[in-house]
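Please keep the sequence and the model in view while reading.

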Amino acid sequence: MTGARYVYCLVDPAGNDGGDADPDRLAGTTGLDDAPVRLVGGGDDAAGVGAVVHDCESVYDTDDEARLRRWLLAHQRVVDAATEAFGAPLPVRFDTVIEGDDDAVVGWLASVADAVREGLASVAGCREYRVFVHWTADADDFEAQARESDARLADLADERNAASEGRGFLVGKQYDARLRELRRARIGELDDAAREAVAGVARSVDAGDPDELDADDGVPVASLSVLAPVDDEERLGDRLDDYVDAHPVTVRFTGPWAPYSFAPEVG
Amino acid sequence: MEPTRDDDAVVELVDVLLRDGAVIGADVVVTVADVPLVGISLRAAVAGMTTMSEYGVLDDWDDRLRERAAGRRDDPAVDAGGPSGADSTGGGRDGDRGTRGG
């Protein structure tokens, strides 16, 4: 392969946040291994869409963890700069390389321009925020409260206490199952409330698997990616404050990021 | 509350970087992270990153990067253009990809 372009993101060169673009915010930005980045396309030959790239010779690969970390950070830094310059971009997956020179990139952009414009419109003015929720209730406290409020659990507790060893073991299993069910229901309630909290502001919400969260902060409840207008960031924070005030949870709120989770398939 | 963008948040984001983002599927594309070799080596490395953040190893990444870049500029013998020869990719690499490095 002779000549290639590493692609960081696709942009509307005129700006995608409702205001004017500020291309100077991209100037001087460097990407992987300090490669200078620039905008390609943006004119009529690219049907009005652009790509932020750097020149390279091949895909990037390494077994060196430290090098990979630097590359990932550099990729994220370039996407950030492109967001500052051009508004909400369509981030491209890490290590996406197009074979050829600028003309090849422009030709490809022209061929996918409709999908790119549609994708850019879907994220216009928005950023991605991530919301991680943990339930902070003490396990013993929950069990005690559940025994008060759930008749079935209370009955099973009584039956277990009164039963002989063998029967008591079996009833104990039923008790544990009921308690687990009540816990799951409670987590479900907290999850629903979290989604409701962000729904009022979000353009789109993508729910990840909360079990991927670590359990240091409590019982994992929700892991949400939220696409929301950057102008509504404060309102989103306020709604999360209200949610935390009303429920036994902790919330970790990160962002603003470029809309990595909301970029559609293109091409 | 206000959103944060600390080191932990960036580390959490990198998995998204590897997994999501607009997926390009055209003949002109050399490869995306669909290539198993790249996917496996990168994902395995990233799996170690979360642990690193717990020990504060992610502090001052950018500073070290700048120092390293300054060091490279001062040493003309060092290839600053891409992965060094020390980076191996194991077996199965497609010879048609040509030179490694960027």
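Two strands are said to pair if DSSP finds at least two bridges between them. Helices (H or I, at least four residues) and strands (E, at least two) are DSSP runs, numbered from the N terminus. This is a predicted model, in which local features need pLDDT of at least 70 and side-chain atom pairs count only at pLDDT 80 or more, while totals for chains, interfaces and linings use all residues. Residues are numbered from 1 along each chain as its sequence is written, chains are lettered from A and ligands numbered from 1 in the order in which they are written, and side-chain values use heavy atoms, with hydrogens and water left out.

**The sheet in chain A**

- Four strands of chain A form an open sheet in the order E7-E8-E6-E9, with antiparallel pairing.
- Strand E7 (204-207) and strand E9 (249-257) of chain A are the edge strands, and each pairs on one side only.
- On average, neighbouring strands of this sheet are turned by 20 degrees against each other, direction ignored; the axes behind such angles are lines fitted to C-alpha atoms, for helices over the stretch in contact, and angles run from 0 to 180 degrees between N-to-C directions.

**Pairing between strands**

- E7(A) pairs with strand E8 (residues 219-229) of chain A over four bridges in the antiparallel sense, and A:Ala207 has A:Leu224 in E8(A) as its bridge partner.
- E6(A) and E8(A) run antiparallel and are joined by ten bridges; A:Val133 has A:Ala222 in E8(A) as its bridge partner.
- E6(A) and E9(A) also run antiparallel, joined by seven bridges, and the partner of A:Arg130 in E9(A) is A:Thr254.

**Burial of strand E6**

- Ten of the ten residues of strand E6 (residues 126-135) of chain A are buried, where buried means under 20% relative accessible area, exposed over 50%, and partly exposed in between (1.4 Å probe, protein chains only).
- A:Cys126, A:Glu128, A:Arg130, A:Phe132 and A:His134 point one way from E6(A), whereas A:Arg127, A:Tyr129, A:Val131, A:Val133 and A:Trp135 point the other way, and all are buried.

**Chain B**

- Chain B has four helices and one strand, and its elements run α-β-α-α-α from the N terminus on.
- Of the 102 residues in chain B, 36% are buried.
- Among contacts (heavy atoms within 4.5 Å) in chain B between residues at least 6 apart in sequence, 50% join residues at least 24 apart.
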